[in-house]
Amino acid sequence: MIVYLHGFNSSPQSHKAQLLGRYLGERGLAGEYACPTLPPSAREAIGIIEPLIKRDTCFIGSSLGGFYATYLVETRGGRAVLINPAIEPHIGLRAYLGAQKNLYSGEAYELTEAHLAQWRELYVPHITPSRYLLLVETGDEVLDYRRAVERYAGAEQVVVQGGDHSLRSFPEQLPRLLAFAGY
């Protein structure tokens, strides 16, 4: 099972989620793919993801989804492909406190200290590098790719020169992602 976890203020309608779904469908793997809509609350998001976990789950986590994937892999098992992952959203997203709107649904909500506290609770200080494939681009304008390279030292890593936070090279990474997921 491949479970795609989208980023902050994103959704299953994001370009990467849609592209991955089509790619898997073309290979007869549509039934092996899930991409839940994740709410702003970390506790609620984890509650939505947990029922999707199977023995052989591979998470594909983009940005904040990469943070969730790390938490789930380290506490529930499995493996994950991390795409420009958020490392410490309880710190990095502090700048976004206040009014927010989901980029796809238009849903408005207030990002509060309670959200930051929930992310802080999910931070896992030590990771198991062999469980991860890290995909980053050096041109990421949102997150410093070097922090991810350092945090996931020892993991399989693909560092692409240039690009941006959306991971422009995502289409070219799909075969590697699928192989890492065991398909």
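Analyst: The answers below concern a predicted model and take up the sheet, then single residues, then the aromatic rings.

User: What is the order of the strands in the open sheet, and which are the edge strands?

Analyst: The open sheet has 6 strands in the order β2-β1-β3-β4-β7-β8, with parallel pairing. The edge strands are β2 (33–34) and β8 (156–160), because each pairs on one side only.

User: How do you know that β1 and β2 pair?

Analyst: Two strands count as paired if at least two bridges are found between them. Strand β1 (residues 2–5) and β2 are joined by 2 bridges in the parallel sense, so they meet that cut-off. Within this pairing, isoleucine 2 stands opposite tyrosine 33 in β2. Helix α1 (residues 15–26) packs on the sheet and touches β1, β2, β3 and β4. The direction of helix α1 makes about 165° with that of β1.

User: Which strands pair with β4, and over how many bridges?

Analyst: Strand β3 (residues 58–62) pairs with β4 over 5 bridges, in the parallel sense; here cysteine 58 has arginine 79 of β4 as its bridge partner. Strand β7 (residues 132–137) also runs parallel to β4, with 4 bridges between them. In that pairing, valine 81 has leucine 133 of β7 as its partner.

User: Why is strand β4 described as largely enclosed by the rest of the structure?

Analyst: Strand β4 (residues 79–83) has 5 residues, and 4 of them are buried, so the strand is largely enclosed by the rest of the structure.

User: Why is tyrosine 68 called buried?

Analyst: Buried means under 20% relative accessible area. Tyrosine 68 has a value of 1%, so it is classed as buried. This residue belongs to helix α3 (residues 64–76). Leaving aside neighbours within four places in sequence, tyrosine 68 is in contact with several residues, including Leu5, Leu38, Pro40, Ile49 and Leu122.

User: Is glutamine 173 buried or exposed, and how do you know?

Analyst: Glutamine 173 has a relative accessibility of 10%, so it counts as buried by the limit of under 20%. It is found in helix α7 (residues 170–180). Not counting residues up to four places away in sequence, glutamine 173 touches Leu135, Val158, Val160 and Leu167.

User: How many aromatic pairs are found in the whole structure, and why is the pair of phenylalanine 8 and tryptophan 119 called edge-to-face?

Analyst: The search finds 4 aromatic pairs. In the pair of phenylalanine 8 and tryptophan 119, the ring centres are 6.4 Å apart and the planes stand at 80°. Centres within 6.5 Å make a pair, and planes over 60 degrees apart make it edge-to-face; this pair is therefore edge-to-face.

User: What makes this pair a tie between separate parts of the sequence?

Analyst: Phenylalanine 8 lies in the loop between β1 and α1, and tryptophan 119 in helix α5 (residues 113–122), so the pair ties together parts that are 111 residues apart in sequence. Both residues are buried. Ring pairs also link Phe8, Tyr96 and Trp119 into a cluster.

Key
Residues numbered from 1 in each chain as written. Predicted model: local features only at pLDDT ≥ 70, side-chain atom pairs only at ≥ 80, totals over all residues. Heavy atoms only, no water. Buried < 20%, exposed > 50% of the residue type's maximum accessible area, 1.4 Å probe, protein only. Contact = heavy atoms within 4.5 Å. Axes fitted to C-alpha atoms, helices over the stretch in contact; angles between N-to-C directions. Phe/Tyr/Trp six-rings, centres within 6.5 Å; stacked < 30°, edge-to-face > 60°.
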